[in-house]
Amino acid sequence: EVRGAESTDVLKALGFHSLPDGISKTAGFCMNRRDSLGFDTAFTVQKHAQLSAPTKQLFPGGIFPKDFSILLTIKPIKGLQSFLLSIYNEHGNLQLGVEVGRSPVFLYEDHSGKSTSEEYPIFKGTNIADGKWHRVAISVEKKTVTMIVDCKKETTKPLERHGKASIDTNG
């Protein structure tokens, strides 16, 4: 069964447009988009920026989809290896994380605590920390995670998770 879930705008939830400490506006990926005035807006995130929002704010219905996708347009600093997104449960345990860099990592630990760090999918040979703009799609379906970079490089990895996996939205 295929059905759409509500989308979540993480930048909006974190208040990027109000430019919190450590966040500044810059020119985005498309410098000249047809049917648009000006250029795309992007945000620079400094190392000292501390951005967080309750998971309930991101998923007000209290349900995190079993299968989902994360879409990014990013330009990491050359050589960077850093978390871009982390979702914690109410006990402060990391449940989901996207680490970007020379070898991106997708961390997923469902309510059963099934995955261990040795089993997290690492996308070796997919360097997105080269100082250039990249469009990245990460898609989780059943027991696989697929990363597509710049609409062409596609890598699928196994994802060890329980058959009835769920992410706690009370964090």
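A residue is called buried if its relative accessible area is under 20%, exposed if over 50%, and partly exposed in between, using a 1.4 Å probe and protein chains only. This is a predicted model, in which local features need pLDDT of at least 70 and side-chain atom pairs count only at pLDDT 80 or more, while totals for chains, interfaces and linings use all residues. Residues are numbered from 1 along each chain as its sequence is written, and side-chain values use heavy atoms, with hydrogens and water left out.

**Whole chain**

Show the cartoon first. The protein has 2 helices and 9 strands. Helices (H or I, at least four residues) and strands (E, at least two) are DSSP runs, numbered from the N terminus. Read from that end, the order is α-β-β-α-β-β-β-β-β-β-β. Of the 171 residues in the protein, 32% are buried.

**Helix H2**

Select Thr55, which belongs to helix H2 (residues 55-58). Is Thr55 buried or exposed? Its relative accessible area is 4%, so Thr55 is buried. Contact means heavy atoms within 4.5 Å. Leaving out residues up to four places away in sequence, Thr55 touches Ile87, Tyr88, Asp168, Thr169 and Gly171.

**The open sheet**

Next, select the strands of the sheet. Strands of a sheet pair through backbone hydrogen bonds, either parallel or antiparallel. Here two strands count as paired if DSSP finds at least two bridges between them. An open sheet of 4 strands has the order E3-E7-E8-E9, with antiparallel pairing. Its edge strands, each pairing on one side only, are strand E3 (68-74) and E9. On average, neighbouring strands of this sheet are turned by 15° against each other, direction ignored. For such angles, axes are lines fitted to C-alpha atoms (for helices over the stretch in contact), and angles run from 0 to 180 degrees between N-to-C directions.

Zoom in on E8 and E9, an antiparallel pair with 6 bridges. Ile148 has Glu154 in E9 as its bridge partner.

Most residues other than glycine have a negative phi, and most peptide bonds are trans. Select Lys142, which is not a glycine but has a positive phi of about 55°. Lys142 sits in the loop between E7 and strand E8 (144-149), and its relative accessibility of 57% makes it exposed. Then select Asp150, in the loop between E8 and strand E9 (153-158). Asp150 is not a glycine either, and has a positive phi of about 55°. With 27% relative accessibility, Asp150 is partly exposed.

**The hairpin of E4 and E5**

Strand E4 (residues 82-88) and strand E5 (residues 94-100) run antiparallel and are joined by 6 bridges. Leu85 is opposite Val98 in E5. The hairpin has 5 residues between the strands, and Gly92 takes a positive phi near 85° there.

**Aromatic rings**

Show the side chains of Phe, Tyr and Trp. Rings of these residues (for Trp, the six-membered ring) pair if their centres lie within 6.5 Å; planes under 30 degrees apart count as stacked, over 60 as edge-to-face and the rest as tilted. How many aromatic pairs does the whole structure hold? The search finds 6 aromatic pairs. One of them is Phe29 with Trp133, edge-to-face at 6.0 Å centre to centre and 75° between the planes. This pair links distant parts of the chain, 104 residues apart: Phe29 is in the loop between strand E1 (23-27) and strand E2 (41-45), and Trp133 in the loop between strand E6 (105-108) and strand E7 (134-141). Phe29 is partly exposed at 31% relative accessibility, and Trp133 is partly exposed at 24%.

Now select Phe59 and Phe64. Their ring centres are 4.8 Å apart and their planes stand at 65°, so the pair is edge-to-face. Phe59 is buried at 13% relative accessible area, and Phe64 is buried at 10%. Phe59, Phe64, Phe68, Phe106 and Tyr108 form one aromatic cluster.

**The nonpolar core**

A nonpolar core is a set of buried Ala, Val, Leu, Ile, Met, Phe, Trp, Tyr and Cys residues joined through side-chain atoms within 4.5 Å. The largest one has 25 residues, and Phe68, Ile70, Leu96, Val98, Phe106, Tyr108 and Ile138 touch the most other members. E3 gives the largest share of this core, 4 residues.

End at Phe106, whose contacts beyond four places in sequence include Phe68, Leu96, Tyr120, Ile138 and Leu159.
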